[in-house]
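Work through the exercises below with the sequence and the model at hand. Each task is followed by a solution in steps.

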Amino acid sequence: MAPNRRMNRNILAGASLLVIVVACIVTAGCTAGTSTPGTVVGLTGVSWSLDSYLAENNTLVPALPGSEVSARFGDEGKVVGSAGCNQYGADYNLNSTALSVSPPISTKMYCGEPGVMEQEARFLELLGSAAGCRVVNDRLAITDASGATVLTFVKEAPAALAGTSWTLASLVGEDGAMVPVLTGTTVTAAFGADGNLGGSAGCNHYGANYTLKDANLTIEPAVRTEMYCAEPPGIMEQEDRYLALLANVSSCRMEDDRLFLSDQNGTDLLVFDRAVQKPNLPLTGTDWVLEGYSTGGDAVSSVIAGTTITATFSPDGNITGNAGCNHYGGQYLLNGTNLSVSSLFSTLMYCEKPEGVMEQEARYLGLLENVISYQVEGDRLVLTDAAGADLLFFVQAEEVPAAPLTGTLWTLESYSLEGDAVSSVIAGTTVTAEFAPDGNVTGSAGCNRYFAAYEVSGKTMTIGPAGSTKMYCGEPEGIMEQEARYLSLLESVAGCRIDGDRLDLLDEAGKTLLSYRAESVDQP
């Protein structure tokens, strides 16, 4: 069974609820409101919270504040709930107007709060003595064989799932025992107002449709991305188990900041803690990293392992990022939640590894051009096409500490050509820059070593004419032209910008001339 939410009840995570089938032998009258004889209206399909119980002195006393004793009568003839400390289960029978409840079976945890264990024992005793019930105005009264009211409940409000987010705490294992999620994994569930459920299954992201009516919850089989995670051991087995359990859910209940999802027998399958709500990040100015993309229909693919696809929407209407192999840029228009991307361009590098990276890049850029709207939920961004189909799934990129200008080996990734064209560095060549504290910059221009003086003040930078060695390299093709272009661009630098492990050298108009990535940083 699921662990009780009380702070000192965490040890319940390994316990399971045992429910036995016992023939009901007690019969008595049971009516519900103004219903006709032989019918019960409003007893099943809802959760009931204990309001009062018959004490040893034969007077009704209120339930202890915060003890939250509950009962849920399922259509299949089982009643389950919390007795205040432990979870319990029993069989019940409605025969004509007669009600009987088998002796409840409960977990065996001890809770130290004053009076909780005594109240629990009395509650389970009285529940087992049930002989009749009545439901009037969202209140349930259970009576014994003499007709005396022994337990009174109030109807709990149906769980309001829309707009809530949860983090999995435990799930039922193959042996029926609840087990905590693996250390180092995070499994989440976010219930949208549109009937969509999504989140992380631990390794892959998933999505499914759900339907909620009162406390009855149905979740359709989920679709997920196709990534494989090797660490921690058992993560993929846990993911498969979690998604299979979701499809078996029949009901839900909330207790404070906990969500319990149960099967048709009332057995808890999944227990969640309410997730801390993150404020929605702004679209512009946030660094986004792609986690998955549509491959057609309802299929979604994870990003190929070893590749990183990013997007940054600048306030000036430009979008830039890495498409997995090449850097790209373009323009975007924003009107409310409507978003369109146009004038895309990219560098021209070809990457052989990992396998499929170029096909993934082409798919990403093609989907980006089809975007018509966006939605941000916390630290997640989804881009959608005109038909409402989700195309691209981003999360906020992890913040990378800014590398220092000096003491860092910067490796050139792309450089400006004439006009707005941008080129990647020729495959097989390496162009670097190292800015020394003494005001000198040195590095490889691809073939020759070069050196120059530089001055920097805030975001302003100038680099003097560069000198270099005089070697000629015949291969790869174009290397000498690239070198000449690079050295010429150095002299046009008027500013610099460092963002994490990236360095951009800019001209007077703020246009990027040279883009580097930090390869290593000297340690003091």
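Buried means under 20% relative accessible area. The model is predicted.

**Exercise 1.** Decide whether Cys473 is buried or exposed, and describe the disulfide it forms.

Solution. Step one: the relative accessibility of Cys473 is 16%, so this residue counts as buried. Step two: its partner is Cys447, with the sulfur atoms 2.0 Å apart. Step three: Cys447 has 10% relative accessibility and therefore also counts as buried. Step four: the torsion about the S-S bond is about 80 degrees, so the disulfide is right-handed.

**Exercise 2.** Locate the two ends of the disulfide between Cys203 and Cys229.

Solution. Step one: the S to S distance is 2.0 Å, and both cysteines are buried. Step two: a torsion of about 80 degrees about the S-S bond of Cys203 and Cys229 makes the disulfide right-handed. Step three: Cys203 sits in the loop between strands E14 and E15, and Cys229 in the loop between strand E17 and helix H2, so the bond ties together parts 26 residues apart in sequence.

**Exercise 3.** Identify the residues of the largest nonpolar core that touch the most other members, and trace the contacts of Tyr242.

Solution. Step one: the core has 30 residues, and Ile219, Tyr242, Leu246, Leu261, Leu270 and Phe272 touch the most other members. Step two: helix H2 (235-246) is one of the elements that supply at least two residues each; strands E15 and E20 are among the others. Step three: leaving out residues up to four places away in sequence, Tyr242 touches residues including Leu168, Ala189, Tyr206, Leu270 and Phe272.

Key. Residues are numbered from 1 along each chain as its sequence is written. This is a predicted model: local features need pLDDT of at least 70, side-chain atom pairs count only at pLDDT 80 or more; totals for chains, interfaces and linings use all residues. Side-chain values use heavy atoms; hydrogens and water are left out. A nonpolar core is a set of buried Ala, Val, Leu, Ile, Met, Phe, Trp, Tyr and Cys residues joined through side-chain atoms within 4.5 Å. Buried means under 20% relative accessible area, exposed over 50%, partly exposed in between (1.4 Å probe, protein chains only). Helices (H or I, at least four residues) and strands (E, at least two) are DSSP runs, numbered from the N terminus. Contact means heavy atoms within 4.5 Å. A disulfide is a pair of cysteine sulfur atoms within 2.5 Å.
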